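Please consult the sequence and the structure shown here alongside the text.

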Amino acid sequence: MAMAGEKGRGRWFVIAVPYLWLLALFLAPFLIVFKISLSQDVVAQPPYAPTLDLAQGWAGFTEFLSGLSFANYGYVLDFSNEFLEAYGSSLIIASISTVLLLLVGYPIAYAMARAPRSIQPTLLMLVILPFWTSFLIRVYAWIGILSQEGLLNQALLALGVIDTPLEILNTNLAVYIGIVYSYLPFMVLPLYAALEKLDLTLLEAAADLGCPPAKAFWTITFPLSLPGVAAGALLCFIPAVGEFVIPDLLGGSDTLMIGKSLWTEFTVNRSWTVSSAVAVLLLLVLVIPIVIYQNIQQRELEAGK
């Protein structure tokens, strides 16, 4: 009996640890940001009101609740402001970037999965290698590559491909290049994990039955790799929507993304409340694809049973 009780307590402890982790590092900060988003800006410390004074008891708690409002959300969702446009632009840029990442990452992952076993660890290390360098330094490097006096334009001029330097930096094209380069490992690794586990006897059976390689790829390989495609797309799309560094350094003044707008609202306008409302709405937008993906997975699991 004592052993069973100890096992039960150990099981509950193992289950409780991740929930406590999420509570401390996700739910509690989110509730704080959500509370700030319901407040109003004031010239004080902290720069928002109301604040809860526990010394006043129930009267202080009711006064605190009466001071909260959703006015900041109405301001953010007002079409006269740039926030809705920034949300839409971020979703478009993130979606296009995710498609580009899939087009670039899938052949890389496929080649890695089909490479000899002896060199696969080396190829995997080469994919992970950029993480050994600071993200900010890598983005700054692209400024030196894409600027009019940069390496790309100098190489094209030397080869006679162009007569005048191309204007790539400070455009949406530079943002796409930066996102694809920075997030490529997040697309390649899930795809490689899915393709590496593929049963090659299925392709051999298809070839024996006269199926062309291209048709075998679209009817066997690609459908079986869809879990990796979905995982890679989520890993790239979600952070790309809220990206700030890449559009700020590589994009121009016309590049509008919600991460950049949030940063401006917080640092330039000094509005903690509006920037918190922007952050909460951004989180809600990003939860939608995660919920859709989980529902699809749940249906597949139920269908498999």
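Is Glu196 buried, partly exposed or exposed? With a relative accessible area of 25%, Glu196 is partly exposed, because that class lies between the limits of under 20% for buried and over 50% for exposed. The model is a predicted one, and every value below is computed from it.

**Salt bridge**

Glu196 is the partner of Arg117 in a salt bridge whose closest N and O atoms are 2.3 Å apart. A search of the whole structure finds one such bridge. Arg117 belongs to the loop between α4 (83–114) and α5 (120–128), whereas Glu196 is in helix α8, so the contact ties together parts that are 79 residues apart in sequence. Arg117 itself is exposed, at 58% relative accessibility.

**Cysteines**

No disulfide is present: the search of the whole structure finds zero. A disulfide is, in general, a covalent bond between the sulfur atoms of two cysteines. Cys211 is partly exposed, with 21% relative accessibility. Cys236, at 1% relative accessibility, is buried.

**Backbone geometry**

Most residues other than glycine have a negative phi, and most peptide bonds are trans. The peptide bond from Ala49 to Pro50 is cis, and its omega is near 5°. Pro50 is placed in the loop between β2 (48–49) and α2 (57–66).

Asn170, which is not a glycine, has a positive phi near 65°. This residue sits in the loop between α7 (151–159) and α8 (172–196). The C-alpha atoms of Asn170 and Thr255 are separated by 8.2 Å, although the two residues are 85 residues apart along the chain.

Arg270 is likewise not a glycine and has a positive phi, of about 55°. The loop between α13 (258–267) and α14 holds Arg270. At 62% relative accessibility, Arg270 is exposed.

**Surface and pocket**

A nonpolar surface patch of about 840 Å² is formed by Leu20, Trp21, Leu22, Leu23, Leu25, Phe26, Leu27 and Leu31. Of these, Leu25 lies in helix α1 (residues 2–37). Leu25 is exposed, at a relative accessible area of 52%.

Which element gives the largest share of the lining of the largest pocket? Helix α14 does, with six residues. The volume of the largest pocket is about 250 Å³. Its lining consists of Pro223, Leu226, Pro227, Ala230, Leu234, Pro289, Ile292, Tyr293, Ile296, Gln297 and Glu300. The elements giving two or more residues to this lining are α11 (226–241) and α14 (272–304).

Glu204 is part of helix α9 (residues 200–208). The table collects relative accessibilities for several residues.

| Residue | Relative accessible area | Class |
|---|---|---|
| Leu25 | 52% | exposed |
| Arg117 | 58% | exposed |
| Glu196 | 25% | partly exposed |
| Glu204 | 49% | partly exposed |
| Cys211 | 21% | partly exposed |
| Cys236 | 1% | buried |
| Arg270 | 62% | exposed |

Conventions. Residues are numbered from 1 along each chain as its sequence is written. This is a predicted model: local features need pLDDT of at least 70, side-chain atom pairs count only at pLDDT 80 or more; totals for chains, interfaces and linings use all residues. Side-chain values use heavy atoms; hydrogens and water are left out. Patches are made of residues with over 30% relative accessible area and no salt bridge: like charges are joined within 9 Å, nonpolar side chains (Val, Leu, Ile, Met, Phe, Trp, Tyr) within 5 Å. Accessible areas come from the Shrake-Rupley method with a 1.4 Å probe; for residues, only the protein chains shown count as cover. A salt bridge is a side-chain nitrogen of Lys or Arg within 4 Å of a carboxyl oxygen of Asp or Glu. Helices (H or I, at least four residues) and strands (E, at least two) are DSSP runs, numbered from the N terminus. Buried means under 20% relative accessible area, exposed over 50%, partly exposed in between (1.4 Å probe, protein chains only). A disulfide is a pair of cysteine sulfur atoms within 2.5 Å. On a 1 Å grid over the protein atoms alone, a cavity is a set of points where a 1.4 Å probe fits but cannot get out, and a pocket is an open set with protein on both sides within 12 Å along at least five of seven lines; lining residues have an atom within 4 Å of a point. Grid points are joined across faces, edges and corners, and a volume is the space filled by probe spheres set on the points.
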